[in-house]
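These are my notebook entries on a structure that was new to me. I record below what I looked up, beginning with a pair of aromatic residues.

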Amino acid sequence: MLDTTIINKLTDRVLNAQDHATTMTKLTDEYPSMSIEDSYAVQDELRRRWIARGDRCVGLKAGLTSKAKMLQMGVDEPSFGILMASFSRPENSAIDIKELVHPRVEAEIAFVTKAELKGDLTIEQVLVATDYIIPAVEVIDSRYEKFKFDLVSVIADNGSSSRYVTGGRPRDPRELDLRTIGVVIEKNGEIMALGASAAVLNHPANAVVMLVKHLASRGEVLPAGSYVMTGGITEAIPVSAGDCITARFQDMGSVSFRFV
Ligand code: OOG
Ligand code: MG
């Protein structure tokens, strides 16, 4: 494990890049021995700093949970990250691209839980503890040059998290077949990507199962009332100022916003 001084120094670097929309070189270039455990220690420190600023943690995200995303990023394992209230933007809002480096959008199914989840779970247990599922679009923005990273580096950058927009219709997960929800991402009215929800680990609730297992390995639980994003169903779509994004989710409505 890297010592606390180095974890703090790396957290400063990541936070600075996030706050000022600047890029950094991969943390593993300087610390080749850095481990996944070290990256999650950076995330813990990021969360402490955000909370100290008055922000609130609303939940967690799973990323790199679909083949399309793993292929696009050259990584073959899921990552987990923290979602703060300040990252959220309303539906139909305008997201300021100046605050971001090279954003991309992803369509994801989000879960909102109503009971604490811990340990080894089945999909069924996740569904029983789910209050509702809801469409979400994540705006990811790697702080690494050219959006290129390894698993250790991307986790320390909080899984490229930058903004997310939640919308459409909340649904009871027991009323839908969660493997066959069709999703279409449109940019300026043109279809850029399409897929079905089974692309995420065969069933998006599996992302929650994996997340809770990861938390258990760190002695943590997923509290009731958590907002969990399960990962992009398709590859992520690069965006620029002026782009209007609509993600349509079968039987769940759509989420729209734009970049200025
Ligand atoms: C890492 C984050 C991936 C997802 O939904 O797969 C992610 C990245 O691709 O930058 O959020
Ligand atoms: Mg994502």
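Entry one. I looked up Phe257 and found it buried, as is Phe259; buried means under 20% relative accessible area, exposed over 50% and partly exposed in between, with a 1.4 Å probe and protein chains only. The model is predicted: local features need pLDDT of at least 70 and side-chain atom pairs pLDDT 80 or more, whereas totals for chains, interfaces and linings use all residues. Residues are numbered from 1 along each chain as its sequence is written, chains are lettered from A and ligands numbered from 1 in the order in which they are written, and side-chain values use heavy atoms, without hydrogens and water.

Entry two. I counted 5 aromatic pairs, taking rings of Phe, Tyr and Trp (its six-membered ring) with centres within 6.5 Å; planes under 30 degrees apart are stacked, over 60 edge-to-face and the rest tilted. The ring centres of Phe257 and Phe259 lie 5.5 Å apart with planes at 65 degrees, so this pair is edge-to-face. I also noted that ring pairs join Tyr144, Phe147 and Phe149 in a cluster.

Entry three. I turned to Thr130, which belongs to strand β6 (residues 130-140); strands are DSSP runs of E, at least two residues, numbered from the N terminus. Thr130 is buried, at a relative accessible area of 3%. I listed its contacts (heavy atoms within 4.5 Å): leaving out residues up to four places away in sequence, Thr130 touches Phe111, Val112, Thr113, Lys114 and Pro173.

Terms used:
Helices (H or I, at least four residues) and strands (E, at least two) are DSSP runs, numbered from the N terminus.
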